[in-house]
Structures are given as structure tokens and as C-alpha cells.
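Student: Before we label anything here, could we go through the terms one at a time and set each value against its cut-off?

Tutor: Gladly; let us look at the model together and then begin with a pair of charged side chains.

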Amino acid sequence: MVIPSSLPSLPLTPAAISAPRAVAMAAALLTLGASWAQAQPAGLPLRSSPLLEEKVSARQQSEGAVFVKGEQITARPDMDLVIEGQASIRRPGLAVSADRVDYDQTQDVVDASGKVRVSRETSVFTGPHLNLKVDSFQGTFEKPDFELYSSGGYGQAAEVEFVDDKRSILRKASYTTCRRTPGPEWLPEWLLKATQLTVDEEESTIDAKGVQFRFKDVPIFAAPSLSLPLTNERKSGLLPPLFSVDTVNGVEVAQPYYFDIAPNRDATVTTHVMSQRGIAADTEFRYLERDYSGQVRLNLMPADKLRDANRWGLSSQHNGGIDTGLESVGRIGLGLTLNRVSDNNYWRDFPRSGLALTQRILPSTGVLSWGKGDFSMTAQVQRWQNLQDAAPPYDRAPQITMRYGQWNAEGLDWSVVGDTTRFEADYSRVASLVANGTLPRNGERSYIQAQVSRPWIRPWGFVTPKVQLHATRYQMDRALDNGALSANRVLPTFSVDSGLVFERETRWFGRDVLQTLEPRAFYARTPYKNQDMLPVYDSGATDFNLATIFSENAYVGQDRLVDNDALTLGLSSRFFDAGTGAEMLRIGMAQRIRFSDQQVNLSSNQADRAAGLSDILFGAGIRWDDRWSFDATIQAKNQTHEISRTTLQGRYSHSAYRVINMAYRANNQVTPKTEFVDVGWQWPLSDLIGRTDRQAETAWTRTSGQGLGPDRWYSVGRLNYSLKERSLVDTLVGLEYDAGCWLGRVAFERLQTNISTASPTSATSRILFQLEFVGFARVGISPLKHLSDNIPRYQYLRDSAVQPSRFQHYE
């Protein structure tokens with residue numbers, strides 16, 4: 001039966017009428033349908049929509065149709081309506097059902113009794129009796145059970161007072177996110193009791209008074225008042241305290257406070273109390289504007305007992321742009337990075353204060369960038385804070401770079417890059433360099449690099465000849481070894497890159513496979529010029545691998561241009577699934593042939609590389625399906641066939657929350673030689689004891705998308721073991737337990753803080769423990785970031801909650 005929300009007079013006699021449900025509904029539906037059709041204007045336009053609307057608007061609620069249903073309906077026009085037997089009233093955004101519903105049209109009041117259920121977009125309440133003013137949504141509900149969809153919470157109350165459609169007050173209430181299980185003796189794992197809960201859907205908060213929190217039916221804490229988030233929206237206030245134990249700080253208690261300054265700005269201030277070191281404070285401020293964004297982090301420890309000094313660290317990042325207001329110029333990009341600490345031991349004593357501040361050389365950079373069309377330019381100033389007894393990188397004060405280039409211009413790719421940089425360094429704080437009398441070679445370097453290439457690319461292969469010209473000038477503050485204050489270098493480079501692609505169709509293990517055979521040849525020629533006298537500002541050796549072996553220069557930077565007369569030959573083969581196009585297998589090898597000795601080195605103390613064959617590189621990668629993957633790279637000496645370097649990596653990812661990563665790395669080219677085994681994993685322990693209920697896991701994952709189901713243990717960790725030292729280098733091992741409505745995590749972490757051969761190895765250890773009450777709070781120090789950073793494909797047992805659709809609970 002459909003009735004307009006204003007409930008117009010029905011064409012019934014004033015006396016109360018009773019009829020079977022089918023007859024009453026049919027008669028009323030025909031009568032109301034005719035009267036409603038007469039009231040609508042002719043040619044009513046209809047508008048289609050590709051989506052069901054997630055939110056019910058105020059207009060829909062006030063003007064939408066009202067549906068009533070029951071076994072017996074009694075009505076008096078313009079006065080009242082009584083529905084008995086499986087009675088229900090439904091309109092957009094609201095459904096009320098009960099054994100009996102009395103609706104007073106004059107007061108717009110619904111009085112429902114007997115198995116009453118009130119269902120809305122955001123919540124559902126069930127209980128014995130409801131009195132509700134419908135339009136204003138004001139009224140009371142006696143002894144209801146309730147569920148709040150936004151937070152996933154359940155509970156009971158002695159009474160609920162509906163203040164309006166956004167606010168309600170629950171008196172003598174209990175609240176939890178634990179799902180009820182059958183049985184009269186059921187108690188939730190955790191329970192929040194309050195004398196009053198005020199649910200404000202507009203502010204997305206739950207304000208509790210007279211709070212008592214119980215875990216495993218044991219009182220944990222009590223508070224006069226508490227504010228909880230109803231959704232994932234941010235809210236100012238105290239965050240749960242953090243607890244940890246480690247070998248440096250001792251017992252540590254941290255209390256964070258979150259400031260929700262604006263929708264695009266926030267700040268977090270955390271106070272730390274450490275038994276072995278004292279008191280510290282961390283402040284993090286974040287901002288996001290239309291034209292720029294960034295964050296600032298400040299760590300302060302006024303009196304550190306460990307060093308008997310004041311300690312501080314500052315890290316800041318800013319990225320954005322400046323609108324010049326000139327159409328011909330447009331916007332200028334701006335980037336600022338600042339990293340500074342109080343002393344040289346900061347990285348060792350604060351290993352977890354932030355990635356930037358735990359490095360031993362801290363950069364601070366300011367960059368301006370601009371581009372239009374094919375032209376771009378940048379200007380930057382970069383300075384370093386050196387925290388180690390070694391030569392620091394040179395500061396760039398400043399560096400100006402301009403670039404102009406075009407691609408596929410009449411078939412040619414060409415570019416010109418110009419750069420001038422002022423390099424400065426300060427060795428006064430490096431004791432070993434001061435003792436040796438070493439002085440930096442401060443000065444200016446300017447260069448122009450022009451290149452042009454002509455690619456010919458066809459389905460069967462490619463040929464790309466390229467010509468480059470490097471022109472460099474140095475102007476020094478201190479004379480070079482030959483007594484000159486300046487030096488010039490002009491060198492050309494010619495290269496040709498070419499390759500062929502052969503294909504064939506075949507079958508492997510019942511699968512249609514497309515195999516390729518791809519030979520490649522790369523020749524590079526750069527004449528020799530003695531560069532031993534030139535300073536080394538930003539150059540270094542590239543890693544020797546299957547990518548860099550096909551390059552013109554064995555060094556990065558502009559201070560060394562290697563003399564080249566070399567041909568690189570490579571052969572690779574790839575196997576693709578013919579149906580999906582996914583790469584299943586890749587194997588390859590490459591070797592460089594030098595036709596003359598390589599005489600240009602980073603320093604005059606290094607020996608020349610003799611003409612002949614270089615080390616040979618082998619590589620392979622397997623992706624047979626989504627579960628297995630394997631990668632291998634081997635570098636072997638040409639003369640002795642000894643293995644110089646080996647990297648083997650494998651991963652097995654059986655399904656969600658089941659992953660094992662393994663790696664083996666050995667390097668015989670360095671002194672001392674290194675050899676490591678690395679293992680990382682996440683695996684449910686239920687598999688190890690024979691509990692593999694796949695159907696239950698699939699159903700749980702499909703409905704909630706989080707974890708494999710309640711009452712499960714997971715083992716997680718990563719171990720880095722040195723075979724040479726026969727000891728663990730870095731260790732992270734832990735356990736996770738998913739109880740459904742709460743999770744427990746405990747992890748042990750050990751990190752090396754000194755790997756210098758000149759001093760004994762030292763390490764810091766700590767225990768990370770956390771209890772997460774789903775939908776309520778987290779207590780302890782979370783190991784989640786450490787686990788996700790160290791274990792590839794690690795999955796959170798609870799991802800960020802997604803607000804449920806109203807159609808998940810549609811009635």
C-alpha cells in the first residue's frame with residue numbers, strides 16, 4: 001500500500017474498518033494511485049540515473065512516498081492509522097516494523113510495540129516499544145539493542161532518546177564491535193559501558209560519560225568522559241598511549257595528542273617519558289593547499305641522560321608552485337627540504353626518529369623549476385650536514401641547469417643540456433681529513449652536453465645511432481696538481497644500439513606460449529683524455545648489471561667520461577602466455593668486449609681495465625603464475641670463471657596473508673667479502689596445525705575484506721643473516737592474533753647501528769606490543785609500519801575501514 005507522506009484523507013467511512021490484508025492493500029492502492037495520478041502535471045518528465053543514490057536527500061525524505069503493510073489495517077481519514085500483525089511503515093531513509101503500529105496523523109507520531117525495529121541509513125534499533133515523531137525524528141525507544149553501521153559497533157541501552165535525525169542519546173549503554181555468538185552465556189571480548197552515549201552523526205563522534213572499559217570481563221580503565229570517532233574522519237583529542245621497551249630508551253611511555261586544525265591541516269604532538277633517558281617531545285605538522293603541500297617534524301629532548309646534552313632534530317618538506325601572474329611565464333615550481341640534527345650521534349641514538357634523520361649525511365635543498373614547451377630550467381642550492389668521520393659530499397651553492405630538446409622531430413631525437421654549479425665542502429669537522437691535511441677543491445664547473453639520435457624501430461628489431469658532445473670547464477679556488485686554476489675538456493661520444501626480435505609459438509606444460517629470441521649489440525666509442533687532475537664532485541661508478549652494461553659511460557655524474565672502445569653483446573629470450581600476454585620466463589646474458597684499455601678512473605690509484613672480455617652477466621626471472629616468482633643475477637669472471645657476485649630472490653605467495661620471501665646475496669668484489677641470506681614471511685599458524693578451512697576464509701574475506709577470519713594466529717618476520725659473520729644482522733620477528741573484534745601483535749626488533757670495521761658492531765633492540773580494539777582504539781607501539789616496510793606483500797589484518805553502503809543494510 002502506497003501513501004503520500006502527507007497522508008491525505010482516504011475515501012473510507014469515518015467508522016473503523018477491518019479487512020484482510022490483501023483486500024485492504026489492493027483497495028487502498030487503487031484509490032491512492034488514481035488520486036496521486038490526478039494530482040500530477042501532464043507529461044511528467046522522467047530522468048534516468050546510472051547509479052542508486054548513496055545518500056537520501058532531505059527532499060526525498062519529506063516528499064517521498066510512504067509504504068505501509070500489515071495483516072490488518074484500520075484507518076480514520078486525517079486522524080489515525082492502526083496496523084496490526086507484521087506491521088511496517090517505510091519511507092526513504094527510514095523503515096519501522098513491529099507487531100502493532102499506531103500512527104497519529106494529527107501529531108505525526110508513531111507508537112510501535114512488540115518486536116519493534118527502526119532501520120535507517122546509518123543504524124538499526126530493536127526493542128519492545130517506540131514513540132517517535134516522524135518528521136522531526138524526535139522520540140524515545142525503550143530497552144533497545146542497536147547497531148551503528150559507520151563504526152561497526154553494537155550495544156544495548158536502557159533507553160534511547162532521538163534528539164533529531166543526526167543526534168541520539170543512549171542511557172545506561174554498553175558498546176562493542178564484537179559479533180554476538182549463539183548462547184545465553186555470551187559475553188563480548190571487550191565492552192565499553194557508559195552512563196550516557198551521545199551519538200552525533202553530523203560531527204561523526206560518540207561522546208561517552210561515566211565510562212568503564214572491560215577486556216575479557218576484567219576492568220581495564222575508567223574515565224569520567226571519553227570521545228570516540230564514529231567514522232574514519234579526523235578529530236582533535238588524545239590518542240591512545242604508546243608503550244615500548246628497548247635497550248636504549250628503557251621503558252618508554254608516549255602520549256600523542258592530535259590537532260584537527262582544518263580539513264587540509266593537522267598536527268600531532270607526542271610526549272615521551274623514557275626511564276633511561278628522560279623526557280622528549282615530537283611535533284609533526286602537515287598541510288595541503290591547492291598550490292602547495294608539505295610537513296614539518298621537530299624532535300626535542302632537552303636533557304638526554306645518555307649523552308648529557310640537549311638533543312634535537314628537524315625535518316621539513318615543502319612542494320608547490322608560485323603563480324607569477326604572467327601568461328608568458330606561468331607557474332614556477334618550488335621545492336624545499338630541510339634536515340638538521342643537534343650532533344653527530346643523532347642517527348645512532350634515534351634510529352627510528354624518521355628516515356631522513358637516521359641517515360649519516362643529511363641533505364637540505366631548495367629548488368626552483370620552470371618549463372614551457374620543450375624548454376625547462378632548474379636552480380637549486382643544496383647543503384649537507386655530515387655526521388661521520390669521512391669526506392662529505394660537496395655542497396651545490398648554487399646549481400643552474402637548462403635543457404632544451406625534441407623527440408621525433410623529423411625522425412630525430414635531440415637535446416642540449418647546460419649546467420653551471422658552484423661546489424663547496426668543509427672538511428674542518430672531519431678529524432681524519434684534518435689530521436692528514438686534506439683540503440677540498442672548491443670551485444665551479446660548467447658543462448654543455450648535446451646529443452642527437454635517429455631511431456629506426458620495426459617489429460623485427462631496432463637500430464639507434466647516437467652522437468654526443470661533452471664540453472666542460474672547471475674554475476678552481478685552489479690550483480690543480482699542474483698549477484693551473486682552470487681546465488677545459490671537450491669529448492665526443494658515438495654509439496650504436498641495435499637488436500633483433502625473433503618469435504615462435506610453442507606449448508609448455510599444456511599452455512600456449514609465445515617465445516622470443518632477442519640478440520642485442522651495443523657499440524660505444526669515446527676517445528681517451530687524461531682526467532686525473534680534475535676534481536671528483538659528483539661522479540661515481542655505476543652498478544654493473546644487465547641494464548648499465550648497455551651504456552656509454554661507466555660513471556654517473558660529469559667529472560669522469562670513460563674512454564670507450566667497446567662492444568657489448570647480449571642475448572635474451574622471453575616466454576609469454578599466449579592467452580593473457582603475461583611474461584612467464586625471462587633469461588638473458590651479456591658481456592662487454594673492450595678493444596683497448598680503459599685508462600680513465602675515479603682516482604689515479606686505480607688500475608686500468610685491460611682490453612678484452614669483461615665479466616659475464618647472467619640473469620633470469622620466472623613468473624610462472626601469481627604465486628611463484630624467482631629472479632637471479634650472476635656475475636662471473638671471464639678468466640677464472642669464478643663467481644664475483646650473486647643475487648638470488650624468490651617469493652611464494654600462496655594466497656592472501658600467505659607469503660614467503662627469500663634472498664641470497666654474495667659479493668666477492670668488496671673487502672671484506674659479504675654473503676647474506678634474507679628471509680621474510682607472513683603465514684597463518686593455523687596452516688601448520690592442520691586448520692585450513694578455505695570456505696570459511698573465502699566467505700570471511702569476501703564479506704569483510706580483512707583477515708582470514710577470527711581466532712587465528714599469524715607468524716610474521718624478517719631475518720637478515722650474515723654467512724661470513726655467522727650472526728644475524730637485522731631481526732624482526734613477531735606474532736599476530738585476530739580475535740575478530742580485537743587484534744594482538746607482539747614483535748621483537750633488533751637493528752644494527754654501527755657496521756664500521758674500525759669499531760665493534762652495536763645494535764639496539766626493542767619489543768613492540770599492541771592491542772587493537774577494532775572500531776575503538778589501539779594501545780601500544782604498532783609494529784605495522786616495520787612489518788610492511790620489511791616484508792614484501794605483507795597485508796594488514798585490518799585495512800583502513802571503508803564506510804559501508806546503505807544498500808548493504810537496505811530494508
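Student: Why is the meeting of the side chains of Arg 120 and Glu 201 called a salt bridge?

Tutor: In this predicted model, the side chains of Arg 120 and Glu 201 come to 3.8 Å, N to O. The cut-off for a salt bridge is 4 Å between a side-chain nitrogen of Lys or Arg and a carboxyl oxygen of Asp or Glu, so the pair qualifies. Arg 120 belongs to strand E6 (residues 109-120), while Glu 201 sits in the loop between E13 and strand E14 (205-215), so the bridge ties together parts that are 81 residues apart in sequence.

Student: What makes Arg 120 count as buried or exposed?

Tutor: Its relative accessible area is 14%, and buried means under 20%, so Arg 120 is buried.

Student: Which label do the partners Arg 574 and Glu 583 receive, and why?

Tutor: Their side chains meet in a salt bridge at 3.9 Å, N to O, which is again within 4 Å.

Student: How do you know that the side chains of Arg 798 and Asp 738 form a salt bridge, and what does the pair tie together?

Tutor: The N to O distance is 3.0 Å, which lies within the limit of 4 Å. Arg 798 is found in the segment after helix H6 (784-790) and Asp 738 in strand E44 (residues 727-738), so this pair ties together parts that are 60 residues apart in sequence. Arg 798, with a relative accessible area of 7%, is buried, and Asp 738, with 0%, is buried as well. Elsewhere, salt bridges that share partners join Arg 277, Asp 304, Arg 307, Arg 311, Asp 343 and Asp 349 into one network. A search of the whole structure finds 46 salt bridges.

Student: What makes Cys 178 and Cys 741 a disulfide?

Tutor: Their sulfur atoms are 1.9 Å apart, and the cut-off is 2.5 Å, so the pair is a disulfide. The search of the whole structure finds one disulfide. Cys 178 lies in the loop between E12 and E13, and Cys 741 in the loop between E44 and strand E45 (742-754), so that the bond links distant parts of the chain, 563 residues apart.

Student: How do you know where Thr 177 stands, buried or exposed?

Tutor: Thr 177, which lies in the loop between strand E12 (167-176) and strand E13 (190-200), has a relative accessible area of 10%; that is under 20%, so Thr 177 is buried. Leaving aside neighbours within four places in sequence, its contacts include Ser 151, Tyr 154, Trp 190, Cys 741 and Val 774.

Student: What makes the approach of Thr 177 and Val 774 a polar contact?

Tutor: The backbone oxygen of Val 774 lies 2.6 Å from a polar atom of the side chain of Thr 177, and the distance limit for a polar contact is 3.5 Å.

Student: Why do E40 and E41 count as paired strands?

Tutor: Pairing needs at least two bridges, and 10 bridges join strand E40 (residues 643-655) to strand E41 (residues 658-667), so these antiparallel strands pair. Gly 650, for example, has Met 662 in E41 as its bridge partner. The two strands form a hairpin with two residues between them, and Tyr 657 in the turn has a positive phi of about 70°.

Definitions and conventions
Residues are numbered from 1 along each chain as its sequence is written. This is a predicted model: local features need pLDDT of at least 70, side-chain atom pairs count only at pLDDT 80 or more; totals for chains, interfaces and linings use all residues. Side-chain values use heavy atoms; hydrogens and water are left out. Helices (H or I, at least four residues) and strands (E, at least two) are DSSP runs, numbered from the N terminus. Buried means under 20% relative accessible area, exposed over 50%, partly exposed in between (1.4 Å probe, protein chains only). A polar contact is a pair of N or O atoms within 3.5 Å; within protein, one must be able to donate a hydrogen and the other to accept it, and residues adjacent in sequence count only if both atoms are side-chain atoms. Contact means heavy atoms within 4.5 Å.
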